[in-house]
Amino acid sequence: MELEAATADLAEEGTKGDDAAGRLTYEIFSLLEAKFLFGAPRAAAVDKVCVLSIDGGARASDGLLAGAALVRLEAALRRRAGSPAARLPDFFDVAAGSGAGGVLAALLFARGPRGRPLYAAEDALAFLLRRVRRGGGGGGWLARRAGRLFLLPRRRGAGAGSAFGRALGELTLRDTLRPVLVPCYDLATRAPFLFSRAAAAESPAHDFRLRDVCAATCAGGAAVEVRSVDGSTRIRAAGGGAALGNPTAAAITHVLNNRREFPAAATVGDLLVMSIGTGQAAERGEVARIAAEGVSDMVDQAVAMAFGHRRTTNYIRIQGTAGSRRGGGGRAPRACGGETGEQAVWKAEAMLLQRSVESVLFQGRKLAGETNAEKLERFARELANEHARRRRRQQQEEEEGVEQASLDGDVPPPAVVVTPAASKQTPPTTQTPPHKAITAAAAAASSTEAAPPEAPPPPRRR
């Protein structure tokens, strides 16, 4: 009897062991089936942070290539979004610019009436063209007959009557639609200084008027002294092009370390970055040209290496193409060489239609397989897809919230969707081709001196 009982106990334990092994085997094969047949479980999709970076120097002509590129990009985004009121801040999350690129960033991302952008890309390009025309064809800050290119005093920031003051009024870094980063070089501390909306939001001591930010990053022949809005911080600035001609690396670092505004951005794989160069401006000394282009290319190479295999999808660089000339060697076509504003912008547009230049580590510059215009169209598609994906996710979250509220017995009233009104610069419903938009910008820049002011009156500070 005892032997039979022991045998029965062993059989029961074996049955339990077989059941446990069977359950474990079933769970293993269930996981394998879920992984290989239905795909491994993935984390929720994270919005990519879209970054715009614009190179620049002290002259308005340094921003013509970027201005023409942004006009073309904005036209493509309007066409893909199906909205004539679409603007670049609707698709980019961060903007960084140095020198003339900083001026473009400030103009494009400044908040205008009703919370919409103050300027379209065509208006910003027209602003640069007016400065080129009045400054004697893209010369330095002390143009021979027209005075300073941006009409700045020698040692104080841009006043309300300067070109920057008329365009931006009393707007400050806090009055931007998206985070804006603009560098300069502080002669007092002998270190680069970065104007940032994030810093301005933390402390009034780091909030500067946008007109003074533009004056600081474009300072050329003489240092420009700017002060914060509360007067507690003083910067004795030299141009941002001398300190940080290519601000792409600074913008990426800012995003990856700014957890308050970009909590989900952990790696460069979470970014979409477009960097725009200056081509080659006229009347730049050989040593200055080598220094500026060398620093810019090194940043381009480092950023491209950081993106790795994603550099063809998540990072693009728009730069002037090297062209042949007599005597051998290559040189990028000049964006402005003393010609009129119309001729200057058409040369910048011609650079967009040529093959792009890429900087490869230890290999110098190489011609890419795409033109700059093709790169812009491809990146516009990526931006439009990211924008559409965000809208779908937002609608899905709203629907889930309403469904959950109905299950809880607390159904909120239906939300009223308010379409933001278009700014004064809203084009007609018919989409304008990029080349016609650039022509319109050149025509606006060629208006007579009796033309209306360069900007609508800025909104009053609350």
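This note sets out numbered points on a predicted model of one protein chain.

1. Basis of the model. Residue numbers start from 1 along each chain as its sequence is written, and side-chain values use heavy atoms, with hydrogens and water left out. In this predicted model, local features need pLDDT of at least 70 and side-chain atom pairs count only at pLDDT 80 or more, whereas totals for chains, interfaces and linings use all residues.

2. Confidence. The mean pLDDT (the predictor's confidence in each residue, from 0 to 100) of the chain is 75, and 63% of the residues reach 70 or more. Residues 136-154 stay under 50 in pLDDT, and the model has 54 contacts (heavy atoms within 4.5 Å) for them beyond four places in sequence. A further stretch, residues 322-339, has pLDDT below 50, with 42 contacts in the model beyond near neighbours in sequence.

3. Overall composition. The chain has 13 helices and 14 strands, taken as DSSP runs numbered from the N terminus (helices are H or I with at least four residues, strands are E with at least two). Of its 462 residues, 46% count as buried; buried means under 20% relative accessible area, exposed over 50%, and partly exposed in between, with a 1.4 Å probe and protein chains only. The accessible surface comes to about 23200 Å², and carbon and sulfur atoms contribute 55% of it; the areas are from the Shrake-Rupley method with a 1.4 Å probe, and for residues only the protein chains shown count as cover. Among contacts in the chain with a separation of 6 or more, 72% are between residues 24 or more positions apart.

4. Side chains of opposite charge can pair when their charged atoms come close. With a salt bridge taken as a side-chain nitrogen of Lys or Arg within 4 Å of a carboxyl oxygen of Asp or Glu, the count comes to 19. One of them pairs Arg-393 with Asp-47 at 2.4 Å, N to O. Because Arg-393 lies in helix H12 (residues 372-407) and Asp-47 in the loop between helix H1 (2-38) and strand S1 (49-54), this pair ties together parts 346 residues apart in sequence. Both are partly exposed, Arg-393 at 28% relative accessibility and Asp-47 at 22%. Arg-390, also in helix H12, forms a salt bridge with Asp-93, with the closest N and O atoms 2.8 Å apart. Asp-93 sits in the loop between helix H2 (64-81) and strand S2 (94-97), 297 residues from Arg-390, and is buried at 13% relative accessible area.

5. Arg-197 and Glu-261 form a salt bridge of 3.1 Å, N to O. Arg-197 belongs to helix H6 (residues 197-202) and Glu-261 to the loop between helix H9 (248-257) and strand S9 (271-276), so parts that are 64 residues apart in sequence are tied together by the pair. Arg-197 is buried at 18%, whereas Glu-261 is partly exposed at 26%. Salt bridges that share partners also join Asp-47, Asp-93, Glu-386, Arg-389, Arg-390, Arg-393 and Glu-397 into one network.

6. Helix H7 and the cysteines. Helix H7 (residues 210-217) is largely enclosed by the rest of the structure, because eight of its eight residues are buried. Its buried residues include Arg-211, Asp-212 and Cys-214. The structure holds zero disulfides (pairs of cysteine sulfur atoms within 2.5 Å). For Cys-214, the nearest cysteine sulfur is that of Cys-218, 6.5 Å away. Cys-214 is buried at 0% relative accessibility, and Cys-50 is buried at 1%.

7. Asn-246. This residue lies in the loop between helix H8 (240-244) and H9 and is buried at 2% relative accessibility. Its side chain makes a polar contact of 2.6 Å with that of Thr-248; a polar contact is a pair of N or O atoms within 3.5 Å, where within protein one must be able to donate a hydrogen and the other to accept it, and residues adjacent in sequence count only if both atoms are side-chain atoms. The Asn-246 side chain also reaches the backbone oxygen of Ser-296 at 3.2 Å. Beyond four places in sequence, Asn-246 touches residues including Ser-53, Asp-55, Ser-275 and Arg-317.

8. Positive phi values. Most residues other than glycine have a negative phi. Arg-114 has a positive phi near 60°; Arg-114 lies in the loop between helix H3 (100-109) and helix H4 (121-134) and is exposed at 70%. Arg-190, with a positive phi near 55°, lies in the loop between strand S5 (180-186) and strand S6 (191-196) and is exposed at 70%.
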